[in-house]
Amino acid sequence: MNGRVFKTIYAGGGTPTLLPPAFWSEFLAGVTSLSDTSEVKECTIEANPGAVTERELCALRQAGFNRLSIGVQSFNDTLLETLGRIHSSDQAIETFRSARKARFRSITLDLMYGVPGQTLKEWISDLEYIEELTPEHVSCYELSVIEGTQMHKFINTGVLTKPDEEVCREMYFAADEILTRSGFLHYEVSSYARGNSCVSLHNSSYWNRTPYIGLGPSAHSFDGKARRSWNLSSLEQYLERVENGQSPAADSEVITMEQAALEMIMLGLRCSAGFDLKKIETETGIRINRDYLNTMIGKKRVQLSGTRLVPTAEGMLYADGDSVNLI
Amino acid sequence: MRRHIRNFCIIAHIDHGKSTLADRLLQATGTVSARDFHDLMLDTMDIERERGITIKSTAVTMNYKSKDGNEYELNLIDTPGHVDFAYEVSRALASCEGALLVIDAAQGVEAQTVANLYKAMEQNLTVIPVINKIDLLSANILETMGEIEGELGLNVDDSVCVSAKTGEGIEELLEAIVEKVPSPGGKEDLPLRARIFDSIYDPYRGVIVYFRIEEGSIKKGEGILMMAAGKEYKVEELGHFGIKRQPCPELTAGEVGYLIAGIKAVEDVKSGDTVISAENPAGKPLEGYEEVKPVVFSSIYPVSSEDYEDLSAAMERLKLNDASLTYEKVSSPGLGFGFRCGFLGLLHLEVVQERLEREFDLSLVLTAPTVKYRITLTDGSVLNVDNPVNYPDPVKIQLTEEPYIKASIIMPDRYIGAVTKLILDRRGDNYKNLYVGKKRVEITADLPLGEVVYDFYDKLKSVTQGYGSFDYEITDYRAGDLVKVDILVNHEKVEALSMLVHRDRARPWAVTACKNLKSEIHRQQFKIPIQGAIGGQIISRETITALRKDVTAKCYGGDITRKRKLLEKQKAGKKRMKMVGSVAIPQKAFLAVLRRED
């Protein structure tokens, strides 16, 4: 951390608001004393609806956070229950209003589609409610069911049914259509910003391969070139290392040019900015498969403007599979 | 001074404890130190250890000081138990004078026990019945002794009771070997004649030849001649089989050993060929081995056509160590260059595939295994078809005949119902059952070989909870109403998946095949119909729906590494798929077609 220049800070992955605002105040002060934070434009913290009061939000704002990410998930209480969330839609709206009062410059809401029991109509009504609330930013995630979870078990045994792939596609395009119509930019497969100034600088830095440092167990760091490292996952071991002045990194990898190319393409195809074909080829020495590229253009998944490849909303849906085929 | 030699092998039904008994003998004779010992010493191949089966026979020399005060050289040849490798057993027996016939005291005499005994008797071997696993609570020594006399017609007084697990009875067994197995005989003063029974390829030393000397002797530095190949070599090294090779200056009549002579041409060494002296050549070769007749046929293609040359070299080397494998070059419009191979059974096929993939690092596609059909055309000519590709136009066929076997299945009588059903499901005929023990029954039946090659043995094991044993011999050809079922993937016929099937079975077979393929072929960005067809008529259909999206929702911090690794894995997986038209078919799918639901 020493002497580094940071441009964004993000407190998330877990429930950071479980710690009192005073902690965060101290934390940010600590970061500032160790490194250069004079250029930090975006400083985000995640909060769950109903879990923070207006007073705490004010305190967090005071501590230095200027952006709040609220894990709304849904405005439908039945679906919230399916998702195992303990908050209600009223609490979500309440938290949003409190955040506004606390004068967060930018508020982002996380929404989820493809939830068992969710209809396209219900999803559309969530999106329409967004138009009413007018947050600066929205993330629309399709529910991914992870093996080993209760949800996975329920779906496998038929207790719950996830909307099928075709419905999920419709939900994705509904978000694209409705949010774009109400002035949002669909700038990444799951991300929508009310104008260029509301694009998440922090998230974008993951996608343009800007260096970052991750603090806390399991957090990943990247040097912006080829080295990626990750911290120990056990909290006890993590603390022990840090308290003894040792690095908490569990392991690291130095990626090859081909791996770097795969990352650039995979990330580029998710973002409306796309990627520069020539630049990737020059930097990594990897040749992109032109035949496959032409197929993608034919299927209207990407457009070529100069040497820059820009995905369409349809194209973003195939970012993973297509990135493998392009190399 | 002439050495005291005993050459013997261990034969048994599968799972009766051959390899464990071999372990115990190695330990008891001090051939392997306690420090170097590990279980199943002689099963050196990964596949053998993983599956718990012996595939290759292995030779090892043990030194034993008998109670009679003499030092003996005991040459043990461990042999496979599975019915597919019966051929390997026959060759091993030809190098021995005695055989330990191992019988599990809890299981009693089984089909392969009988079959192996007959083979040993054909070779005039002295058979010592060994009642194994006497430490088990379920061991029934008296009943087993009764079976040895009653079913096998052997003298119980010759039998030895052991527990290969605990080591009980091993000393007695060693004494019995010394006492009962005849010394090899064979005249040392005659010109050299040695029979090759196996060989392996070593990248540094060339072919290593395993042989038994019938007459004469062989010395380091001498010139030798491979009779069939007509090639001359100079012996660089020869020796005994320990756990590692043990070089020695000379081997004489009756001894089993190996030789290294800088042989780089794999085709010069053939199992069954006679090695003679170049300086003092014997006139006539020894009797060779019976030509093996493959019963299951399949084509092997490299997944990537650039690997054809590597596959070709690998086949040559594997053949050296597996004389029962037969092959010839083929080419297919869809699959490129490959080899049409003959196997002794399906396990043999799987073993060959695994050895090629592991030992030679190849990625392969195997076509649906089939038997050899005899087809009489309307013009009277007769065709032998072992590849569905060569199946003639049905209108020109007068008669199709398929090979039949006589199957013998021995099991506890409580499984009669399940086994009978299995036999009838596989078009069995001429069914008979006979009690061979108190509660043990032998079922014999005539079955089409084509119904047995795929998974009959596995199914039998499963319906009898492992207690059913199986042996068979091919008997004759009988008329059968067969049709060729083709599989079309994305409207393209996949030659490798075509099968000849009995007409009544064609539809259910095609339905299952399409279903299995659907579960093995990954979804792609377009819709893929999978169809089963007889000629132009579609008899089954499944559809793999198009992948309508292929992206995960979140990708922050650590997700990037995880996702990249996942994509790399997918990319690597693609290299193991065969492109048929625009569809990537995973290697596994080619055999998945054959899985049955019964």
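## Model and burial in chain B

A residue is taken as buried when 20 or more other C-beta atoms lie within 10 Å of its own, with C-beta atoms placed from the backbone. By that criterion, 46% of the 598 residues of chain B are buried. The structure is a predicted model, with an ipTM of 0.93 and a pTM of 0.68. For chain B the average pLDDT is 86, and 94% of the residues score at least 70.

Chain B contains 14 helices and 33 strands.

## Contact between the chains

Chain A contributes 30 residues to the contact and chain B contributes 20 residues. On the side of chain A that touches chain B, at least two residues each come from strand E5 (137-142), helix H7 (165-181), helix H8 (201-207), strand E9 (227-231), H10 and H14 of chain A. Sorted by class, this side of chain A has 13 nonpolar, 9 polar and 8 charged residues.

Helix H14 of chain A, residues 319-326, is mostly covered, with 7 of its 8 residues buried. The buried residues are A:Ala319, A:Asp320, A:Gly321, A:Asp322, A:Ser323, A:Val324 and A:Leu326. Within chain A, the buried residues of H14(A) pack against helix H10 (257-268), helix H12 (290-298) and helix H13 (313-316). From chain B, helix H13 (559-575) also packs against them.

## Nonpolar cores

The largest nonpolar core has 158 residues, of which B:Ala99, B:Leu101 and B:Val130 touch the most other members. Leaving aside residues up to four places away in sequence, B:Val130 touches B:Leu100, B:Leu101, B:Val102 and B:Ile103, as well as B:Ser159, B:Val160, B:Val162 and B:Leu173. Another core, of 74 residues, lies apart from it and includes A:Met112, A:Tyr172, A:Val189 and A:Ala261.

## Helix H1 of chain B

Helix H1 of chain B spans residues 18-28 and is largely enclosed by the rest of the structure, because 8 of its 11 residues are buried. The buried positions in H1(B) are B:Lys18, B:Ser19, B:Leu21, B:Ala22, B:Asp23, B:Arg24, B:Leu25 and B:Leu26. Just after H1(B), B:Gly30 has a positive phi of about 70°.

## Four-stranded sheet in chain B

Chain B has an open sheet of 4 strands in the order E18-E19-E17-E20, with antiparallel pairing. Strand E18 (326-332) and strand E20 (364-366) of chain B are the edge strands, each pairing on one side only. From one strand to the next, the twist averages 30°. Strand E17 (residues 296-302) of chain B runs antiparallel to E20(B) and is joined to it by 3 bridges. B:Ile300 has B:Leu366 in E20(B) as its bridge partner.

Two helices of chain B contact these strands. Helix H7 (residues 308-321) lies across E17, E18 and strand E19 (336-343) of chain B, and runs at about 20° to E19(B). Helix H8 (residues 346-359) of chain B packs on the sheet through E17, E19 and E20 of chain B, and its direction makes about 165° with that of E20(B).

## Three-stranded sheet in chain A

In chain A, an open sheet of 3 strands has the order E8-E9-E10, again with antiparallel pairing. Strand E8 (220-222) and strand E10 (249-254) of chain A are at the edges with a single partner strand each, so one side of each has no neighbour in the sheet. The average twist from one strand to the next is 20°. E8(A) and E9(A) run antiparallel and are joined by 3 bridges; A:Ser221 has A:Ser229 in E9(A) as its bridge partner.

## Surroundings of B:Lys518

B:Lys518 is in helix H12 (residues 503-520) of chain B. This residue counts as partly exposed because it has 18 C-beta neighbours inside 10 Å. With residues up to four places away in sequence not counted, B:Lys518 touches B:Ile530, B:Glu542 and B:Ile544. B:Lys518 and B:Glu542 are 24 residues apart along the chain, and their C-alpha atoms are separated by 6.9 Å.

Technical notes. Residues are numbered from 1 along each chain as its sequence is written. Chains are lettered from A and ligands numbered from 1 in the order in which they are written. This is a predicted model: local features need pLDDT of at least 70, side-chain atom pairs count only at pLDDT 80 or more; totals for chains, interfaces and linings use all residues. pLDDT is the predictor's confidence in each residue, from 0 to 100. A residue is buried if 20 or more other C-beta atoms lie within 10 Å of its own, exposed if 12 or fewer, and partly exposed in between; C-beta atoms are placed from the backbone. Two residues are in contact if their C-beta atoms, placed from the backbone, lie within 7 Å. Ala, Val, Leu, Ile, Met, Phe, Trp, Tyr, Cys and Pro count as nonpolar, Asp, Glu, Lys and Arg as charged, and the others, Gly among them, as polar. A nonpolar core is a set of buried Ala, Val, Leu, Ile, Met, Phe, Trp, Tyr and Cys residues joined through C-beta atoms within 7 Å. Two strands pair if DSSP finds at least two bridges between them. Axes are lines fitted to C-alpha atoms, for helices over the stretch in contact, and angles run from 0 to 180 degrees between N-to-C directions.
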